[in-house]
Amino acid sequence: IAGVSSSVTAQFVGSGPSSGQSVQEIVLVFPTAKTAKTAFTNRSKSQAAGAKCGRVGFIPPGTSAAVTTVALARVKVPRIGQGALGQSTSPAGATGSTTTITFLRGVYVVVINTPPSATPLSTSDVVTIAKAADRHLR
């Protein structure tokens, strides 16, 4: 992402042999709040375009057919930080979907991902995690 000064990624994995739950948190740090807001706005526009299409595919150079497709849908989330957006993605043939919540707080753009699992976290669980992350950035 253009303009990022630094970033931190943390992966949290549930305990126990059958948990299968994990959460990834990516914190992107920008030099100014204005730069962070521009990046967040661009991500929001890209996500909206993908959700409008409903499905996107990857077409490698030199070919005319998609090698894989991903279903995209918006996920309604409450305001977190200075703005938040939610998305659900489901690759073709995958069991379950990935929930992603992205929010803006000052010079930070935070992305929370929950990959598909046999025991997925609910959207409200992911919102709770995002709100906790936001509290630490204030």
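User: What pattern does the protein chain follow when read along the sequence?

Analyst: Helices (H or I, at least four residues) and strands (E, at least two) are DSSP runs, numbered from the N terminus. Read in that way, the protein chain follows the pattern β-β-α-β-β-β-β-β-α, which comes to two helices and seven strands. Please keep in mind that this is a predicted model, in which local features need pLDDT of at least 70 and side-chain atom pairs count only at pLDDT 80 or more, while totals for chains, interfaces and linings use all residues. Residues are numbered from 1 along each chain as its sequence is written, and side-chain values use heavy atoms, with hydrogens and water left out.

User: In what order do the strands of the sheet lie, and which are the edge strands?

Analyst: Two strands pair if DSSP finds at least two bridges between them. Here the seven strands form an open sheet in the order β1-β2-β7-β6-β5-β4-β3, with antiparallel pairing. The edge strands, each pairing on one side only, are β1 (6-13) and β3 (55-58). From one strand to the next, the twist averages 20°.

User: How many bridges join β6 to β7, and how many join β3 to β4?

Analyst: The antiparallel strands β6 and β7 are joined by seven bridges, and within β7 the residue Ile-112 stands opposite Ile-101. Strands β3 and β4, also antiparallel, are joined by four bridges, with Val-56 standing opposite Val-70 in β4. Between β4 and β5 there are six bridges in the antiparallel sense, and Val-75 stands opposite Gly-86 in β5.

User: Is Thr-98 buried or exposed, and which residues does Thr-98 touch?

Analyst: A residue is buried under 20% relative accessible area, exposed over 50% and partly exposed in between (1.4 Å probe, protein chains only). Thr-98, found in strand β6 (residues 98-105), has a relative accessible area of 16% and is therefore buried. Not counting residues up to four places away in sequence, Thr-98 touches Gln-87, Ser-88, Thr-89, Thr-114, Pro-115 and Pro-116.

User: Why does Thr-114 count as buried, and which residues is Thr-114 in contact with?

Analyst: Thr-114, which lies in strand β7 (residues 108-114), counts as buried because its relative accessibility is 4%. Leaving aside neighbours within four places in sequence, its contacts include Ser-22, Val-23, Thr-98, Leu-121 and Val-126.

User: How much of the protein chain is buried, and what are the spans of the C-alpha trace?

Analyst: Buried residues make up 33% of the 138 residues in the protein chain. Along its principal axes, the C-alpha trace spans about 45 × 40 × 25 Å. Of the contacts with a separation of 6 or more, 45% are accounted for by residues 24 or more positions apart.

Key
Contact = heavy atoms within 4.5 Å. Axes fitted to C-alpha atoms, helices over the stretch in contact; angles between N-to-C directions.
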